[in-house]
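Have the model open as you read.

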Amino acid sequence: MKYAYWRALIISLAMFLMPCRDVAAATPEAAPTPSGTAAPTRAELNASWAQVLNENIPGAQRQQALSRIEQEAQTGDQHDLYLLGSLYHMGQHAHGSLVQRDFVKASLYLGNAATRGSVLAMAKMAEIKLAMRQYREAMNWAQIYGHYERLLPKSEHPHDGYAAELVQRIADKLGRSAMPGIMSDVNSFIALNDAKIRAGTDSKFATEKLAPAPKSKAFLPPNGRFAPRAGFADCLLAFNADGSLADVWLLDAVPDPELGVALRRYAREMTVRPTAADAGSALRYAWMPIMYDDGRYRAAVVH
């Protein structure tokens with residue numbers, strides 16, 4: 001992989017949404033669990049996540065739901081590993097959090113998710129290593145993220161702003177002299193894990209997708225809270241049968257939890273198509289990574 005550098009280009013403010021997953025429709029073939037019972041469906045697992053994140057549910061019930069999710073994650077599912085890693089990455093910074101921030105646990109879950117095809121897990125591994133002042137490892141993961149996010153289908157390809165800013169934040173601490181060795185490490189990682197990563201990326205999300213549509217209200221960051229910069233947040237959205245939003249919960253945000261608060265407000269403007277008349281009144285859940293990019297950056301490859 002070629003060494004990439006980033007240059008600034010001032011253009012307009014923009015908000016980019018990556019596709020969300022229809023977890024109500026995502027019902028994989030049930031596999032037997034160690035106890036011999038059927039594994040929960042994706043819809044059931046995400047209903048459990050709604051319990052974990054809902055502050056109106058008693059703490060003991062929420063903790064029980066989290067324990068179920070952690071048990072199921074032992075099967076190595078990319079999606080569950082990513083969400084658990086995100087939970088421990090956010091820790092006490094989430095409202096009503098059940099857990100404390102734990103970079104060791106977050107790294108364990110996210111690292112496994114990344115090698116199973118989760119591209120956003122690669123970015124979060126870079127953020128964790130940067131926060132831990134392990135700058136070389138942070139740059140390794142940032143370059144790995146930059147490599148794989150460009151291989152995603154065009155409809156899922158995030159814009160360059162976040163990747164550019166992530167690399168720049170690390171380069172400010174690390175300097176550029178270490179880059180030749182870092183790129184050697186990156187290429188070794190790709191050679192070792194590429195087949196597994198591609199298999200996970202290609203196979204895990206072959207389900208019907210919801211396509212939430214924003215209303216006409218403009219997105220504006222909160223006054224005086226932070227300067228515009230790139231990042232993304234993971235939100236769980238619950239939709240009524242008529243397509244209206246029932247609720248939205250923030251799981252995690254990088255690089256700043258306050259950015260996640262603003263993006264959660266934006267997510268509250270989402271709607272989806274109504275379900276069929278005979279579909280019942282059950283809530284439908286969708287995980288949505290919301291990516292913010294103020295448009296200042298474009299990527300260039302040095303040959």
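## Arg268 and Asp247

Arg268 is partly exposed, with a relative accessible area of 38% (buried means under 20%, exposed over 50%, partly exposed in between, using a 1.4 Å probe and protein chains only). Its salt bridge partner is Asp247, with the closest N and O atoms 3.8 Å apart (a salt bridge is a side-chain nitrogen of Lys or Arg within 4 Å of a carboxyl oxygen of Asp or Glu). Asp247, at 23% relative accessibility, also counts as partly exposed.

## About the model

This is a predicted model, in which local features need pLDDT of at least 70 and side-chain atom pairs count only at pLDDT 80 or more, while totals for chains, interfaces and linings use all residues. Residues are numbered from 1 along each chain as its sequence is written, and side-chain values use heavy atoms, leaving out hydrogens and water.

## Buried pairs

The structure holds ten salt bridges. One of them joins Asp252 and Lys124, with 2.8 Å between the closest N and O atoms. This pair links strand β5 (residues 245-254) to helix α5 (residues 119-131), 128 residues apart (helices, H or I of at least four residues, and strands, E of at least two, are DSSP runs numbered from the N terminus). Asp252 is buried at 0% relative accessibility, and Lys124 is buried with a relative accessible area of 0%.

Arg42 and Asp77 also meet in a salt bridge, at 2.8 Å from N to O. Arg42 is buried at 10%, and Asp77 is buried at 16%. Together with Asp80, they are linked in a network of salt bridges.
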